[in-house]
Amino acid sequence: MADIPMKKQESKLSKHINVKNFETVIDGDSVNLYTLKNKNGIEVALTNYGQRLISLHVPDKNGNFEDIVLGFPDLKNYLAKKNYYGATIGRYGNRIAKGKFTIDGKEYDLAINNNENHLHGGIKGFESVVWNVDRANDREIVFSRTSPDMEEGYPGNLNVTVTYTLTDDNELKINYRASTDKPTYVNLTHHSFFNLKGEGNGTVNDHVLMLNADSYTPVDSGLIPTGEIARVAGTPFDFTHPKAIGKDLNVEDEQLKYGNGYDHNFVLNKTPLNEDGLVLAARVVEPSSGRTLEVFTDEPGVQFYGGNFLTGADIGKSGKPYVFRGSFCLETQHFPDSPNQPDFPSTRLDPGETYSSNCVYKFGVLGH
């Protein structure tokens, strides 16, 4: 893809976000806002509270910049109620059935926060804690934290480092690394809510999505995988050829009913790979703006979520409500409930091992 046309811009934060509204102290730890920029004018703002991606300005086909991730204009809204906007998720992205798993014969009880199940690390997961900032410049920021033994019920002191890098190829690279002093389970992911028309600009049902996945993991009514790996062919879950997200949403389908739309893990194919050896997981095109998003990863799965639980109650950075299906998430991951599913790829991490995971969001436009 050729270079994107760019219009010279000043910092894009000032329009809706005051940096001072993200400066505070929580439980004795300083919270601040950090900005990454590349030569093409793309700008990413992150806070060390929950490692949240606050804004992400990218150009359209005419070189006009828009913030394409949902979020709030100040920290107090992130603190006011439980939400995952832009956050790093841990210790375990997605659901674990009944908040239980067993390691070497010992059962562990996790925090229950999603009906009878455990979701996204628990009541106070990685999205709700302050992270250390080990290094920060215009191109890269490194966060770290030790999650103490038995935090939210997980065994082991887990040392976590997450690096965000913005390249001049318009890639936002996220690298996760972790180590533990006791056997445990780990599944880290990123939870930005995207709308390539711009945050708050209607639904994403007209976005055209390709998922590089011939199979997915069906769920029960609690959105816990049944253990089956099912083919997508002939179902509304077939995105192997690009189609509008909303095209099959009204098809009579039990899985769509369970998720109130798409909220499912897709089993990624092994090819094609990019130059870093990461598989192309997804490609999204927004026809009116021409913006594109490609997702690359070394994870076996990606959770595609279609904004089914947005209600319009949250008012975003530009003062617009976040409507039903007003965003999508593409969360690279191991499969949900893997600790209780012996046929799924394992998420176990033992002492002496290093957990490593990579996700790349690459931005572009059609026709350039």
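Rings of Phe, Tyr and Trp (for Trp, its six-membered ring) form an aromatic pair if their centres lie within 6.5 Å; planes under 30 degrees apart count as stacked, over 60 as edge-to-face, and the rest as tilted. Keep that rule at hand for several stops of this tour.

The model is predicted, so local features need pLDDT of at least 70 and side-chain atom pairs count only at pLDDT 80 or more, while totals for chains, interfaces and linings use all residues. Residues are numbered from 1 along each chain as its sequence is written, and side-chain values use heavy atoms, with hydrogens and water left out.

**Stop 1: the whole chain**

Show the chain as a cartoon. Its secondary structure comes to 2 helices and 28 strands. Helices (H or I, at least four residues) and strands (E, at least two) are DSSP runs, numbered from the N terminus. Along the principal axes, the C-alpha trace spans about 60 × 55 × 40 Å. The radius of gyration is taken over C-alpha atoms, and the globule rule is 2.2 Å times the number of residues to the power 0.38. For 368 residues a compact globule would have a value near 21 Å, and the chain, with 19 Å, agrees with this.

Now switch to a surface. The chain exposes about 14,300 Å², of which carbon and sulfur atoms supply 47%; the areas come from the Shrake-Rupley method with a 1.4 Å probe, and for residues only the protein chains shown count as cover. Buried residues make up 59% of the 368 residues. Buried means under 20% relative accessible area, exposed over 50%, and partly exposed in between (1.4 Å probe, protein chains only).

**Stop 2**

In soluble globular proteins, nonpolar side chains tend to be buried together.

Centre the view on leucine 56, in strand β5 (residues 52-59). At 0% relative accessibility, leucine 56 counts as buried. Leaving aside neighbours within four places in sequence, its contacts (heavy atoms within 4.5 Å) include Ile42, Val44, Ile68, Val69, Phe194 and Phe363. Glu43, Glu66 and Asp67 are also among the residues that leucine 56 contacts.

Across the chain, among contacts between residues at least 6 apart in sequence, 68% join residues at least 24 apart.

**Stop 3: aromatic pairs**

Show the aromatic rings. A search of the whole structure finds 23 aromatic pairs. Select phenylalanine 193 and tyrosine 305, an edge-to-face pair at 6.1 Å centre to centre with 90 degrees between the planes. Phenylalanine 193 lies in the loop between β17 (189-191) and β18 (208-211) and tyrosine 305 in strand β25 (residues 301-305), so the pair ties together parts 112 residues apart in sequence. Are these two residues buried or exposed? Both phenylalanine 193 and tyrosine 305 are buried.

Next take phenylalanine 237 and phenylalanine 266, a tilted pair at 6.2 Å centre to centre and 40 degrees between the planes. This pair links distant parts of the chain, 29 residues apart: phenylalanine 237 is in the loop between β20 (230-231) and β21 (243-244), and phenylalanine 266 is in strand β22 (residues 263-267). Phenylalanine 237 and phenylalanine 266 are both buried.

To see a cluster, select Phe22, Phe72, Tyr78, Tyr85, Phe193, Tyr305, Phe309 and Tyr322, which ring pairs link together.

**Stop 4: charges over rings**

A charge sits over a ring if NZ of Lys or CZ of Arg is within 6 Å of the ring centre and within 35 degrees of the ring normal. Select lysine 106: its charged end sits over the ring of tyrosine 108, 5.2 Å from the centre. Lysine 243 lies over the face of phenylalanine 239, 4.4 Å from the ring centre.

**Stop 5: the backbone**

Most residues other than glycine have a negative phi, and most peptide bonds are trans. The bond from glycine 90 to arginine 91 is cis, with omega near 5 degrees. Arginine 91 lies in the loop between β7 (87-89) and β8 (95-96).

Finish at methionine 150, which has a positive phi of about 75 degrees although it is not a glycine. Methionine 150 is in the loop between β13 (140-147) and β14, and at 41% relative accessibility it counts as partly exposed.
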